[in-house]
Amino acid sequence: MGGKDKSDQDNKLLDLFISIGLDERTAKNTLSNNKVTANLTAVIHEAAVIQGCDRSVGNLLYTVATKFPPNALVHRPTLLQYIVSLKIKTPAQLDAAFSFFLNTGAEDFKIKDFEEACGVGIEVSAEDTERLVKEVFEEYKTTILELRYKTNVGELFGHVRKRQPWADPKLVKQLIDAKIFELLGEKTAADNEKPTKKKKEKPAKVEESTAATDEPAKPTEEEINPFLIFPSPEDNFKVHTEVFFSNGPVLRCCNTREILEKHLTFTDRKVFTRFPPEPNGYLHIGHAKAMFVDFGLAKERNGGCYLRFDDTNPEAEKKEYIDHIEEIVKWMGWEPFKITYTSDYFQELYELAVELIRRGHAYVDHQTPEEIKEYREKKMNSPWRDRPKEESLRLFEEMRQGRIDEGKATLRMKQDMQSDNFNMYDLIAYRIKFTPHPHAGDKWCIYPSYDYAHCIVDSLENITHSLCTLEFETRRASYYWLLHALGLYQPFVWEYSRLNITHTVMSKRKLNRLVTEKWVDGWDDPRLMTLAGLKRRGVTSTAINAFVRGIGITRSDSSLIRLDRLEYHIREELNKTASRAMVVLNPLKVVITNLETGSILDLDAKKWPDAQEDDASSFYKVPFSNVVYIEQSDFRMKDSKDFYGLAPNKSAMLRYAFPIKCTEVILGDDNETVVEVRAEYDPAKKTKPKGVLHWVAEASPGVKPLSVEVRVFEKLFMSENPAEVEDWLGDLNPNSKVVVPAAYTVPCLKNAAVGDTFQFERLGYYVVDKDSTPEKLVFNRTVTLRDSYGGKGGK
């Protein structure tokens, strides 16, 4: 479609949407969503209100367009007639209608049952409504008087609705507001105050935040089991979707009873899903959500999930990526029912393509990519679209035999070039590529497209639930059109929102640029949201799965999840599993003047906050000598009330050791830089300073503590959503990786192995990196102790 034609069409649709009472902003937002636009346009025509209608009716029509159950589309015109005739006129009635049709599906129903379920004909008088509100207030009067204007009005509304769901919601709200004012009077100054949070008592030790002890809210049924939303395989005879053709007919796609029964017999009525990555890159955290949905549903229903490599492009696939994907799937805790490749089905796909031509649903085309694009924009048919089937069969065979040059022919599906859905514009089914295939060898020189192969292989593998992200929603029409055209079994398709996280990019193209142009240190760079990068950073698969489960399986598009939320789950996991140790990143030398040189005290330090005194395995030994090192940031020449570190003539507690008091400061040649602090320790621990510091000591005179490299990682991008930044590479955080070449650590870390995780006290959680050598350990910071999402850190 040309730019002007599209603009004219958008303006017509905008006027149509405004005519039913939508405000201009909502109407414009609707136009930006192809599915809602198509649905709302169809609803307006089905309701016969193309000349406009009352706003209250229009709002209900809009809700039908966005929420009507797809398994019962055949009954949508009936509901619309009830709305237009004002027999259904409230959101509560509409919600009841949706529930009724969700359970009914495409089956016939009794009008009487429908009307009873939706409250049709029930008129609730103002007097009855007022009486109900009065009853609710009498029941909850004590609570309302206690909470006053902090009373949850929504809960009161819910109590009224439970007793009488068909009461006018506007009247109910007015009566509740009036009743509250009647009971409480004008708001007082106290009513207008924001609720104050109770101050927590200051802990004796202030180096780290403590875990919150509030009881969590009781989880909902869907939070406990997010897979409840998916239907059982036996229900897969209902209408999946409607395909609207430009010349008038509507294709209502569903399985026949015969096809479904054959499928159920093959699967033994079990759930089968598939996780179908392309082996052309490393998996990222968005794939973790896909794995959770695909493998999780199959596991919850005692079924199986295929790991299927979508290897239709021989030029992009690599063995490296295949090996990585298999390894990561296993690391994430999932076990495939079977590992397959789309290329395993190349022969069946070819035979079905021949059948598609025979049935008059495909043709060989000679348009160039540029011509195809131009004709699609203009909604014009290809000049070869109506060539005889026999000719297309002959040419397709020549394509297979390699007798036609690459780029000179494609096989296209004969769909609907005038459709409002661009994914019905005669999509390409096969193209010529004289490239050997990594898995299939050199047998083929024609390769199927994703749009052709994906749905057919779903059907051939008897997948019960084909689950994908929302950007594939507009391909649903093409998916079902093709399976219908070939008379194949049709899986249940359901789309969910893709996972987007702040301060990173998830586009495979952008990730590839970051890696190939060396903005980062490979696919497993700990700053990336690749699963390999997160693993190297010390993030556990259980933390990732808990994060994914926490955000749920929703259809809310364009949501951006804060990175804090992922970090919360990482801390929750590591707080339980990472043993504690003391490490000083930027050491400042402290000489204990009242402890004899060479005198070494072996002290006990806790590996775990709740270590029991009689459990030796919960402690590690830490040497204490007359030379210790503290963080440079834990010393100041000028003290202040909010500083709990060391300062001249001030004391601080050394963790697991003794209080020390600064008695002297040695400055460098510039007379500003502190190079050494001298202090006295209190062996009797009579002083009780507020500040508690981590530290590391020399284990023997003149020998520095164990030196390690520490890599401190921050957010990779400065903007929350770098994908929207025009110069996204310019948004890279220059301080996303800071290397501390010589941090000091306690001796017990000497034998730490790659992958071991620790909490460096007062600093954060760290993991031993693969770059470690026998001579020097390297640690990556996984996450800080501070938690802005859940309000807690480690102990």
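**A walk through the predicted model**

Seven strands form an open sheet of mixed pairing, and their order across the sheet is S21-S18-S19-S20-S14-S17-S22; two strands are taken to pair if DSSP finds at least two bridges between them. At the edges stand strand S21 (692-693) and strand S22 (696-697), each of which pairs on one side only. Within this sheet, strand S18 (residues 651-654) and strand S19 (residues 659-667) pair in the antiparallel sense over three bridges, and Ala 652 stands opposite Ile 660 in S19. In general, strands of a sheet pair through backbone hydrogen bonds, either parallel or antiparallel.

The structure is a predicted model, in which local features need pLDDT of at least 70 and side-chain atom pairs count only at pLDDT 80 or more, whereas totals for chains, interfaces and linings use all residues. Residues are numbered from 1 along each chain as its sequence is written, and side-chain values use heavy atoms, with hydrogens and water left out.

The protein as a whole has 25 helices and 27 strands, which are DSSP runs numbered from the N terminus (helices: H or I, at least four residues; strands: E, at least two). Its C-alpha atoms fill a box of roughly 100 × 85 × 55 Å, taken along the principal axes. Of its 795 residues, 49% count as buried, where buried means under 20% relative accessible area, exposed over 50%, and partly exposed in between (1.4 Å probe, protein chains only). Among contacts between residues at least 6 apart in sequence, 70% join residues at least 24 apart, a contact being heavy atoms within 4.5 Å.

Phe 244 stands opposite Val 250 in S2, and among the five residues between the strands, Gly 248 takes a positive phi near 120 degrees.

Positive phi values also occur in residues other than glycine. Ala 48, with phi near 55 degrees, lies in the loop between helix H3 (34-46) and helix H4 (55-67) and counts as exposed at 64% relative accessibility. Leu 86, with a positive phi of about 65 degrees, has its place in the loop between helix H5 (76-84) and helix H6 (91-104), and is partly exposed, with a relative accessible area of 47%.

Turning to helix packing, the axes of helix H20 (residues 450-460) and helix H21 (residues 476-486) come within 9 Å and cross at roughly 60 degrees; axes are lines fitted to C-alpha atoms, for helices over the stretch in contact, and angles run from 0 to 180 degrees between N-to-C directions. Residues of H20, including Tyr 452, Cys 455 and Ile 456, meet Tyr 479, Leu 482, Leu 483 and Leu 486 in H21. By class, this contact of H20 with H21 has seven nonpolar, two polar and two charged residues, where Ala, Val, Leu, Ile, Met, Phe, Trp, Tyr, Cys and Pro count as nonpolar, Asp, Glu, Lys and Arg as charged, and the others, Gly among them, as polar.

Finally, is Glu 709 buried or exposed? Glu 709, found in strand S23 (residues 706-713), is buried because its relative accessible area is 19%. Leaving aside its neighbours within four places in sequence, Glu 709 is in contact with Val 739, Val 740, Pro 741, Lys 776, Leu 777, Val 778 and Phe 779.
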